[in-house]
Amino acid sequence: MIEWLGIDHLFELSGSEAIAGFLTPLVVFAVFFLLQLILPARKVPGYVTDPATGEPRRYRLNGLLVYAVVLIVWAFELTGMERAWFYRSSVYAVAGGTVLAIIFTLAVVFSQPKGENENTWLALWEGRAREVSFLGVDVKMYLYVVGGAMFALNALSGAAYHYELFGADSNPGVFLYAAFFAFYIMDYFIFERVQLYTYDLIHENLGFKLMWGGLIVYGWLYILPLWGMAVHPDPGFSGPFRYVWLIGTPVLFLGGWAIGRGANLQKYTFKRWPDRKFLGLIDPVHIEAGDRKILCSGFWGVARHFNYLGEGFLALSISLVFGYVGNLWAWTYFIFIVSFFTTRQIYDERFCAEKYGPEKWAEYQERVKYRIFPGIY
Ligand code: NDP
């Protein structure tokens with residue numbers, strides 16, 4: 001089965017290596033926690049309010065610095081760990097990390113009052129509290145620093161493995177893939193404060209869904225395409241098609257990234273400075289809904305979740321970048337992203353109709369007809 005799937009190379013660890021792989025997330029989680037705790041951080045007010053004080057919750061943000069440190073440690077093998085280790089130990093690390101995510105969930109959920117959610121299983125899945133801090137570190141932001149940085153490190157580690165395997169016959173698509181996500185995560189940390197204005201921070205509670213999703217799915221399983229693709233050499237395209245492939249996929253990636261980043265930044269600008277033109281160009285046209293405002297110009301006037309279309313284009317570039325479009329592994333990220341965001345926007349619209357009032361949200365739906373893909377959906 002494993003051979004048929006083409007991932008037998010991920011099961012080649014010796015007995016002691018398998019144990020080390022299983023324990024790798026434990027070390028990773030501890031090191032990230034220490035780094036977040038001791039490295040200097042920007043202290044900023046967030047978007048969600050602290051129910052105890054009614055004031056915006058405060059955050060310590062140092063994701064970019066943590067990311068820079070772990071990249072340097074990994075790249076120069078400063079701990080003696082080989083660069084391909086994260087990739088080679090993926091399967092064992094997912095198993096060990098999942099056990100830890102279960103333990104963290106039990107600790108976080110059972111340390112919180114029951115609240116409205118009486119069902120214990122549902123509480124474990126969805127969580128009870130929206131915010132929890134540990135020694136001054138916000139748990140949600142910790143999840144995203146670990147998840148984001150490990151996603152990039154796992155992608156880079158897979159590229160290192162691929163190079164060891166193929167040398168001169170390496171697939172440039174694999175290096176592009178790793179570069180895309182090293183850049184994507186760097187951008188994420190540069191705009192870390194914008195993350196405070198997004199769905200997970202606003203709506204999600206801290207249960208297994210977010211814990212496992214943030215640490216393991218984001219950190220380790222997002223590189224699923226590489227599980228299958230790292231063991232294939234350069235697909236050998238020649239002539240103009242090679243240029244179409246090697247230039248076209250980065251263009252598609254950057255196009256998708258620009259839509260997502262642009263939309264997120266516009267919403268962030270609007271929330272912080274409601275009267276300011278976005279990039280000095282786009283008027284903040286909005287619908288008044290009591291003391292709230294629905295933005296409906298620029299990216300938010302094209303489709304109600306245009307940012308998700310950006311993620312879709314970006315994910316499509318991932319499916320194409322390896323040059324093996326007939327291999328299902330190349331499409332795993334795309335399939336996940338499309339299913340994830342088509343579901344998420346349904347929930348988000350439900351929350352928004354509640355928050356802004358059904359009439360005002362319907363007015364927005366009337367004004368901005370499409371959900372994600374203008375003219376199509
Ligand atoms: P959004 O940033 O769209 O956040 C949704 C919230 O924004 C809503 O609940 C609402 O909250 C506010 N909002 C939505 N529409 C409007 C509007 N028209 N006017 C004013 N406020 C509005 O969603 P996400 O957090 O899901 O996504 C953020 C970014 O992160 C996206 O680019 C997404 O693609 C990316 N992302 C990527 C993932 C990946 O795996 N690659 C996973 C998750 C996110 P309120 O009114 O309370 O402000």
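Reply:

Ser319 counts as buried because its relative accessible area is 0%; buried means under 20% relative accessible area, exposed means over 50%, and partly exposed covers the range in between, all with a 1.4 Å probe and the protein chains only. This is a predicted model, in which local features need pLDDT of at least 70 and side-chain atom pairs count only at pLDDT 80 or more, while totals for chains, interfaces and linings use all residues. Residues are numbered from 1 along each chain as its sequence is written, and side-chain values use heavy atoms, with hydrogens and water left out.

Ser319 belongs to helix H14. Helices (H or I, at least four residues) and strands (E, at least two) are DSSP runs numbered from the N terminus.

In total, 28 residues surround the ligand, and the closest are Tyr47, Tyr199, Tyr222, Asp348 and Tyr356; a residue is counted here if one of its heavy atoms lies within 4 Å of the ligand. Sorted by class, the shell has 16 nonpolar, 4 polar and 8 charged residues. In this sorting, Ala, Val, Leu, Ile, Met, Phe, Trp, Tyr, Cys and Pro are nonpolar, Asp, Glu, Lys and Arg are charged, and the others, Gly among them, are polar.

A polar side-chain atom of Tyr356 is 2.3 Å from a ligand oxygen atom. For Asn264, the distance from a side-chain N or O atom to an oxygen atom of the ligand is 2.8 Å, and for a polar side-chain atom of Glu311 the distance to a ligand oxygen atom is 3.0 Å. The ligand taken alone exposes 900 Å², of which the protein buries 94%; these areas come from the Shrake-Rupley method with a 1.4 Å probe, and for residues only the protein chains shown count as cover.

Tyr47, one of the closest residues to the ligand, opens the subject of aromatic rings. A pair of aromatic rings is described by the distance of the centres and the angle of the planes. Rings of Phe, Tyr and Trp (its six-membered ring) pair if their centres lie within 6.5 Å; planes under 30 degrees apart are stacked, those over 60 are edge-to-face, and the rest are tilted. The count by this rule is 40 aromatic pairs. One of them is the stacked pair of Tyr47 and Tyr197, with 4.9 Å between the centres and 25° between the planes. This pair links distant parts of the chain, 150 residues apart: Tyr47 is in strand E1 (residues 42-49), and Tyr197 is in the loop between helix H8 (172-190) and H9. Tyr47 is partly exposed because its relative accessibility is 27%, whereas Tyr197, at 7%, is buried.

Tyr197 also forms an edge-to-face pair with Tyr268, at 4.9 Å centre to centre and 90° between the planes. Here too distant parts of the chain are linked, as Tyr197 in the loop between H8 and H9 and Tyr268 in helix H12 are 71 residues apart. Tyr268 has a relative accessible area of 10% and is therefore buried.

Rings may have a charge over them as well: NZ of Lys or CZ of Arg must be within 6 Å of the ring centre and within 35 degrees of the ring normal. The charged end of Arg350 sits over the ring of Tyr347 at 5.3 Å from its centre, and Arg57 lies over the face of Tyr59 at 5.8 Å from the ring centre.

Conventions
Polar contact = N/O pair within 3.5 Å; in protein donor to acceptor, adjacent residues only side chain to side chain.
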